[in-house]
Structure formats: C-alpha cells, structure tokens
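Welcome! Take a moment to look over the sequence and the 3D view, and then we will walk through a few spots together.

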Amino acid sequence: MPPPPRRNATLCLLTLTLLVSFIDRNLLSTMFEPLNKELGLTDSQLGFLSGVAFSVCGALFGLAMGWLTDRLNRKHLLVCGITVWSLATAAQGLATSYWQLLLTRVLVGIGEATGGPVAHSMICDLFPPDERGRALSVWNTAIPAGTLLGLLLGGGITGSLGWRAAFIIVGLPGVVLAALVGLCAREPVRGGTERPHEELLESDDE
C-alpha cells in the first residue's frame, strides 16, 4: 500500500481532474445566445449538443472505458482521456458549423468517459476499505465545484472575450493537467489494499 502522502497526493490529482472535467462540460450551457447569433443554431440543436450528444457518448464509452480500466495502465488511460477532452474543448472555439461543434462535443464525452472508471478503481487500490468512503467523498466534491466554476468561467469569459476565447482559454490548461498526472500520479497495485481472503471469511462469520 502506498504511504499516506502519496495516496493523498494522487487523490488530489484525481479530484482536480474531475473538477476540470465538470468545468469543461458545463461551458457550453453559458453560450447559447452567442452560438445562436453567430452560427444560427436552433434550440433543438443546442439542446442536442448540451445534453444528448454528450450524455449518450459518455454513457456508451463509459462502459468501454470500464473494461479498459480493468486491463490497461490506469494512469496512462487517464492521461489520454484528459488530453482528448481538453483539446476537444479548446477545438470547440474553432468550430464554424453545427457539425463541427457536434464532433468536438462527442470527443469531449469520449475523453471524459475515462475519468469515473479510472478514479474509482485507483481510489479503491490506494485506500483501505475503512478510508474509501472519505476518499470518495473528497473526490465527489469536485462535481458541484466544477459545475459552478464552469458556469462562472463560461459566463465571465464569454461576456468579455467571446465564446471562442472561452473554450480555448478553459480547454488548453487541461493539457498541462494531463502532463502533471503523467509525471506525478502513481499506478497503484491492483487489490493492494484488500484484506486477505481468510480475514474476509472470518469477518463474515461474526
């Protein structure tokens, strides 16, 4: 089992990753009016981009990423996912049509589908059973925080610099996060925090 400082450092990186993913996924919802004016998107198209396109891809690819998480190096998988969704977020700022936005939005969903399976798996191998609830609670605080920051950043940057700048400014720093995870996070031993099989049987009999 990794020492506490290393476990906590990796947990912080995983939490930061979830925070960034929720910032990126919520940007679009602050840009409906300028997208409608510049690209002439309908309400149905905007609704599909912000909801169906992202959610369906995230759900479908989440199953595939769960399968890959059980078989590949999880840190490397997460680095790839962060890179994909960050570049795709930034690329939304270069879109000139609905179909380009749709493609980049789908890529955001595919990239972010790595986050949940990888983080849950790594946290369970970093922390013993009696500490996992706390660790997962810390990780989950990034969801409301990321949602709030995504709305604030999207609205603020869009209002001052435009929607294209908002996507690029918020998306590109994710590439730095991917490098940070690749350099600093450690791949834990699978099952390294589980109690011996005999101990599990004894506790079940009590």
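Let's begin with Arg74: setting aside neighbours within four places in sequence, Arg74 is in contact with Thr69, Val118, Ser121, Met122, Asp125, Glu187, Pro188, Val189 and Arg190. Keep in mind that this is a predicted model.

- You can find Arg74 in helix α4, which covers residues 74-91.
- Arg74 has 0% relative accessibility, so it counts as buried, the cut-off being under 20%.
- The side chains of Arg74 and Ser121 are joined by a polar contact of 2.8 Å.

**How α1 and α8 pack**
- Helix α1 (residues 4-26) packs with helix α8 (residues 142-161) at an angle of about 40°, and their axes are 7 Å apart.
- Because of that angle, α1 is oblique to α8.
- The crossing of α1 past α8 is right-handed.
- On the α1 side, the contact is made by Thr15, Leu18, Leu19, Phe22, Ile23 and Asn26, while α8 brings residues including Ala142, Ile143, Ala145 and Gly146.
- Sorted by type, the residues of this contact between α1 and α8 are ten nonpolar, five polar and no charged.

**A closer look at Ala142**
- Ala142 lies in helix α8.
- With a relative accessible area of 2%, Ala142 is buried.
- Leaving out neighbours within four places in sequence, Ala142 is in contact with Thr15, Leu18, Leu19 and Phe22.
- Ala142 and Leu14 are 128 residues apart in sequence, yet 9.5 Å apart in space from C-alpha to C-alpha.

Technical notes
Residues numbered from 1 in each chain as written. Predicted model: local features only at pLDDT ≥ 70, side-chain atom pairs only at ≥ 80, totals over all residues. Heavy atoms only, no water. Axes fitted to C-alpha atoms, helices over the stretch in contact; angles between N-to-C directions. Helix = DSSP H or I, 4+ residues; strand = E, 2+ residues; numbered from the N terminus. Parallel < 35°, antiparallel > 145°, perpendicular 65-115°, else oblique. Left-handed = near helix turned anticlockwise from the far one by under 90°. Contact = heavy atoms within 4.5 Å. Nonpolar A, V, L, I, M, F, W, Y, C, P; charged D, E, K, R; others polar. Buried < 20%, exposed > 50% of the residue type's maximum accessible area, 1.4 Å probe, protein only. Polar contact = N/O pair within 3.5 Å; in protein donor to acceptor, adjacent residues only side chain to side chain.
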